[in-house]
Amino acid sequence: MGRWAAALVLGVSAHAAPVTVTHGTLTVTYTDPRDRAHLGLVFRTWAQATADLKALGLSVRPVQLTAASSATDFARLTGEPASIAASTRGQTITTQRLGALAGRGLLASTIRHEGFHTAQPPGLPRWLAEGLARLFSGETTGDSAEPTGLTALSGAQLDARLLGRVPGQAGAAYREATRRAKALVARVGWKGALGGK
(Lines give C-alpha, C1' and ligand atoms only; values in the text may rest on other atoms or scores of the structure.)
Protein backbone atom coordinates (compact mmCIF):
# COMPACT_ATOMS: atom_id res chain seq x y z
CA MET A 1 0.00 0.00 0.00
CA GLY A 2 2.86 2.38 0.75
CA ARG A 3 4.12 2.22 -2.82
CA TRP A 4 0.95 3.63 -4.42
CA ALA A 5 0.28 6.04 -1.56
CA ALA A 6 3.73 7.56 -2.11
CA ALA A 7 3.04 7.89 -5.84
CA LEU A 8 -0.11 9.83 -5.05
CA VAL A 9 1.71 12.41 -2.98
CA LEU A 10 4.22 13.00 -5.75
CA GLY A 11 1.78 12.82 -8.65
CA VAL A 12 -1.02 15.26 -7.87
CA SER A 13 -0.70 18.44 -9.90
CA ALA A 14 -2.43 21.76 -9.50
CA HIS A 15 -2.89 21.77 -13.29
CA ALA A 16 -4.90 18.52 -13.25
CA ALA A 17 -2.29 16.67 -15.25
CA PRO A 18 -3.03 12.95 -15.43
CA VAL A 19 -1.90 10.97 -12.41
CA THR A 20 -1.21 7.25 -12.75
CA VAL A 21 -1.06 4.89 -9.78
CA THR A 22 -0.49 1.13 -9.86
CA HIS A 23 -1.28 -1.35 -7.12
CA GLY A 24 -1.21 -5.08 -7.84
CA THR A 25 -2.85 -5.81 -11.19
CA LEU A 26 -4.69 -2.47 -11.41
CA THR A 27 -3.34 0.78 -12.82
CA VAL A 28 -5.56 3.83 -12.32
CA THR A 29 -5.20 7.10 -14.22
CA TYR A 30 -7.22 10.16 -13.21
CA THR A 31 -7.08 13.90 -13.86
CA ASP A 32 -9.44 15.39 -11.27
CA PRO A 33 -7.38 15.79 -8.06
CA ARG A 34 -10.51 15.09 -5.98
CA ASP A 35 -10.47 11.49 -7.25
CA ARG A 36 -7.33 10.82 -5.23
CA ALA A 37 -9.49 10.51 -2.10
CA HIS A 38 -11.24 7.46 -3.56
CA LEU A 39 -8.22 5.41 -4.59
CA GLY A 40 -8.10 3.47 -1.33
CA LEU A 41 -11.62 2.15 -1.90
CA VAL A 42 -10.84 1.40 -5.56
CA PHE A 43 -7.76 -0.68 -4.72
CA ARG A 44 -9.40 -2.48 -1.76
CA THR A 45 -12.41 -3.33 -3.91
CA TRP A 46 -10.15 -4.50 -6.73
CA ALA A 47 -8.16 -6.75 -4.39
CA GLN A 48 -11.34 -8.44 -3.11
CA ALA A 49 -12.78 -8.72 -6.63
CA THR A 50 -9.53 -10.30 -7.82
CA ALA A 51 -9.68 -12.90 -5.05
CA ASP A 52 -13.34 -13.61 -5.85
CA LEU A 53 -12.67 -13.92 -9.58
CA LYS A 54 -9.82 -16.37 -8.93
CA ALA A 55 -12.12 -18.39 -6.65
CA LEU A 56 -14.46 -18.74 -9.64
CA GLY A 57 -11.55 -20.12 -11.70
CA LEU A 58 -11.11 -16.95 -13.77
CA SER A 59 -7.75 -15.47 -14.72
CA VAL A 60 -6.99 -11.92 -13.65
CA ARG A 61 -4.58 -10.03 -15.87
CA PRO A 62 -3.28 -6.47 -15.50
CA VAL A 63 -6.02 -3.90 -16.04
CA GLN A 64 -5.89 -0.18 -16.87
CA LEU A 65 -8.65 1.98 -15.37
CA THR A 66 -9.04 5.53 -16.64
CA ALA A 67 -11.34 7.83 -14.68
CA ALA A 68 -12.81 10.49 -16.94
CA SER A 69 -12.69 14.09 -15.75
CA SER A 70 -16.44 14.61 -16.35
CA ALA A 71 -19.49 12.96 -17.88
CA THR A 72 -18.77 14.76 -21.15
CA ASP A 73 -15.18 13.51 -21.10
CA PHE A 74 -16.46 9.97 -20.42
CA ALA A 75 -18.75 10.11 -23.47
CA ARG A 76 -15.87 11.44 -25.59
CA LEU A 77 -13.47 8.72 -24.42
CA THR A 78 -15.88 5.81 -24.78
CA GLY A 79 -18.50 6.76 -27.36
CA GLU A 80 -21.04 5.63 -24.73
CA PRO A 81 -23.88 7.68 -23.25
CA ALA A 82 -22.78 10.06 -20.51
CA SER A 83 -25.43 8.50 -18.25
CA ILE A 84 -23.67 5.15 -17.71
CA ALA A 85 -21.11 4.47 -14.99
CA ALA A 86 -18.35 2.72 -16.94
CA SER A 87 -17.31 0.93 -20.10
CA THR A 88 -14.87 -1.96 -20.50
CA ARG A 89 -13.01 -3.01 -23.62
CA GLY A 90 -10.64 -5.91 -23.10
CA GLN A 91 -8.36 -5.05 -20.20
CA THR A 92 -9.23 -1.34 -20.23
CA ILE A 93 -11.94 0.14 -18.02
CA THR A 94 -13.09 3.74 -18.44
CA THR A 95 -15.26 5.16 -15.67
CA GLN A 96 -16.99 8.36 -14.76
CA ARG A 97 -15.10 10.48 -12.23
CA LEU A 98 -14.34 8.34 -9.17
CA GLY A 99 -15.81 10.99 -6.89
CA ALA A 100 -19.01 11.15 -8.93
CA LEU A 101 -19.46 7.37 -8.66
CA ALA A 102 -18.65 7.44 -4.93
CA GLY A 103 -21.13 10.26 -4.38
CA ARG A 104 -23.88 8.09 -5.85
CA GLY A 105 -22.79 5.03 -3.87
CA LEU A 106 -21.71 3.24 -7.06
CA LEU A 107 -17.94 3.15 -6.91
CA ALA A 108 -17.38 -0.29 -5.37
CA SER A 109 -20.09 -2.03 -7.41
CA THR A 110 -18.82 -0.40 -10.61
CA ILE A 111 -15.26 -1.62 -9.94
CA ARG A 112 -16.52 -5.16 -9.31
CA HIS A 113 -18.88 -5.14 -12.31
CA GLU A 114 -16.24 -3.95 -14.74
CA GLY A 115 -13.61 -6.16 -13.13
CA PHE A 116 -15.81 -9.15 -13.91
CA HIS A 117 -15.93 -8.09 -17.57
CA THR A 118 -12.12 -7.99 -17.77
CA ALA A 119 -11.93 -11.61 -16.60
CA GLN A 120 -15.07 -13.16 -18.10
CA PRO A 121 -14.63 -16.07 -20.51
CA PRO A 122 -14.74 -15.13 -24.21
CA GLY A 123 -17.91 -15.88 -26.11
CA LEU A 124 -20.46 -15.34 -23.33
CA PRO A 125 -23.73 -13.94 -24.71
CA ARG A 126 -24.05 -10.27 -23.75
CA TRP A 127 -27.12 -10.88 -21.60
CA LEU A 128 -25.28 -13.55 -19.62
CA ALA A 129 -22.13 -11.45 -19.24
CA GLU A 130 -24.16 -8.48 -17.98
CA GLY A 131 -26.33 -10.58 -15.69
CA LEU A 132 -23.33 -12.35 -14.15
CA ALA A 133 -21.44 -9.05 -13.78
CA ARG A 134 -24.42 -7.57 -11.92
CA LEU A 135 -24.64 -10.60 -9.64
CA PHE A 136 -20.87 -10.53 -9.02
CA SER A 137 -20.92 -6.81 -8.20
CA GLY A 138 -23.82 -7.03 -5.75
CA GLU A 139 -25.65 -4.22 -7.50
CA THR A 140 -28.79 -6.36 -7.83
CA THR A 141 -29.83 -5.56 -4.25
CA GLY A 142 -31.48 -2.38 -5.54
CA ASP A 143 -33.41 -4.10 -8.32
CA SER A 144 -37.17 -3.76 -8.43
CA ALA A 145 -39.11 -7.00 -7.99
CA GLU A 146 -41.69 -5.97 -10.58
CA PRO A 147 -41.83 -8.01 -13.82
CA THR A 148 -39.51 -6.83 -16.57
CA GLY A 149 -41.99 -7.47 -19.38
CA LEU A 150 -39.11 -8.99 -21.35
CA THR A 151 -39.37 -12.69 -20.46
CA ALA A 152 -40.56 -13.59 -23.99
CA LEU A 153 -37.45 -12.12 -25.64
CA SER A 154 -34.86 -14.52 -27.04
CA GLY A 155 -31.27 -14.18 -25.85
CA ALA A 156 -30.37 -12.38 -29.09
CA GLN A 157 -33.28 -9.96 -28.67
CA LEU A 158 -32.26 -9.25 -25.09
CA ASP A 159 -28.67 -8.67 -26.27
CA ALA A 160 -30.00 -6.10 -28.75
CA ARG A 161 -31.93 -4.31 -25.99
CA LEU A 162 -28.81 -4.19 -23.84
CA LEU A 163 -26.73 -2.81 -26.70
CA GLY A 164 -29.39 -0.26 -27.64
CA ARG A 165 -29.36 1.43 -24.23
CA VAL A 166 -32.74 3.01 -25.00
CA PRO A 167 -33.63 5.43 -22.22
CA GLY A 168 -36.40 4.00 -20.08
CA GLN A 169 -35.82 0.44 -21.40
CA ALA A 170 -32.24 -0.25 -20.33
CA GLY A 171 -33.12 -0.84 -16.68
CA ALA A 172 -35.64 -3.56 -17.52
CA ALA A 173 -33.19 -5.21 -19.93
CA TYR A 174 -30.46 -5.32 -17.28
CA ARG A 175 -32.90 -6.69 -14.70
CA GLU A 176 -34.08 -9.38 -17.14
CA ALA A 177 -30.48 -10.35 -17.95
CA THR A 178 -29.81 -10.61 -14.23
CA ARG A 179 -32.95 -12.66 -13.60
CA ARG A 180 -31.89 -15.14 -16.30
CA ALA A 181 -28.27 -15.28 -15.10
CA LYS A 182 -29.40 -15.86 -11.51
CA ALA A 183 -31.66 -18.72 -12.60
CA LEU A 184 -28.79 -20.25 -14.58
CA VAL A 185 -26.39 -20.00 -11.63
CA ALA A 186 -29.01 -21.63 -9.39
CA ARG A 187 -29.33 -24.48 -11.89
CA VAL A 188 -25.70 -25.15 -12.90
CA GLY A 189 -23.57 -23.10 -10.46
CA TRP A 190 -21.19 -20.27 -11.25
CA LYS A 191 -18.66 -22.45 -13.05
CA GLY A 192 -21.37 -23.94 -15.24
CA ALA A 193 -22.78 -20.50 -16.01
CA LEU A 194 -19.30 -19.22 -16.90
CA GLY A 195 -19.14 -22.00 -19.45
CA GLY A 196 -22.11 -20.31 -21.16
CA LYS A 197 -24.43 -23.29 -20.67
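Let's start with strands S2 and S3, residues 26-30 and 63-67: they run parallel, and 4 bridges join them. If you want a spot to look at, find leucine 26, which stands opposite valine 63 in S3. Before I go on, please keep in mind that this is a predicted model.

Now, zooming out, our pair belongs to an open sheet of 5 strands, in the order S1-S2-S3-S5-S4, with mixed pairing. At the edges sit S1 (19-23) and S4 (86-89), each of which pairs on one side only. On average, neighbouring strands here are turned by 15° against each other, direction ignored.

So what packs on this sheet? Helix H5, residues 107-119, does, touching S3, S4 and S5 (92-95). The direction of H5 makes about 15° with that of S4.

Let's stay with S4 for a moment and pick out serine 87, which is found in that strand. Is serine 87 buried or exposed? It counts as buried, because its relative accessibility is 6%, and the cut-off for buried is under 20%. Leaving aside neighbours within four places in sequence, the contacts of serine 87 include Phe74, Thr78, Ile93 and Glu114.

Last stop, the second largest pocket, with a volume of about 220 Å³. Of its 13 lining residues, the closest to the centre are Asp143, Ser144, Arg175, Thr178 and Arg179. Which helix gives the most to this lining? That's helix H8, residues 170-194, with 4 residues. Thanks, everyone!

Terms used:
Residues are numbered from 1 along each chain as its sequence is written. This is a predicted model: local features need pLDDT of at least 70, side-chain atom pairs count only at pLDDT 80 or more; totals for chains, interfaces and linings use all residues. Side-chain values use heavy atoms; hydrogens and water are left out. Two strands pair if DSSP finds at least two bridges between them. Helices (H or I, at least four residues) and strands (E, at least two) are DSSP runs, numbered from the N terminus. Axes are lines fitted to C-alpha atoms, for helices over the stretch in contact, and angles run from 0 to 180 degrees between N-to-C directions. Contact means heavy atoms within 4.5 Å. Buried means under 20% relative accessible area, exposed over 50%, partly exposed in between (1.4 Å probe, protein chains only). On a 1 Å grid over the protein atoms alone, a cavity is a set of points where a 1.4 Å probe fits but cannot get out, and a pocket is an open set with protein on both sides within 12 Å along at least five of seven lines; lining residues have an atom within 4 Å of a point. Grid points are joined across faces, edges and corners, and a volume is the space filled by probe spheres set on the points.
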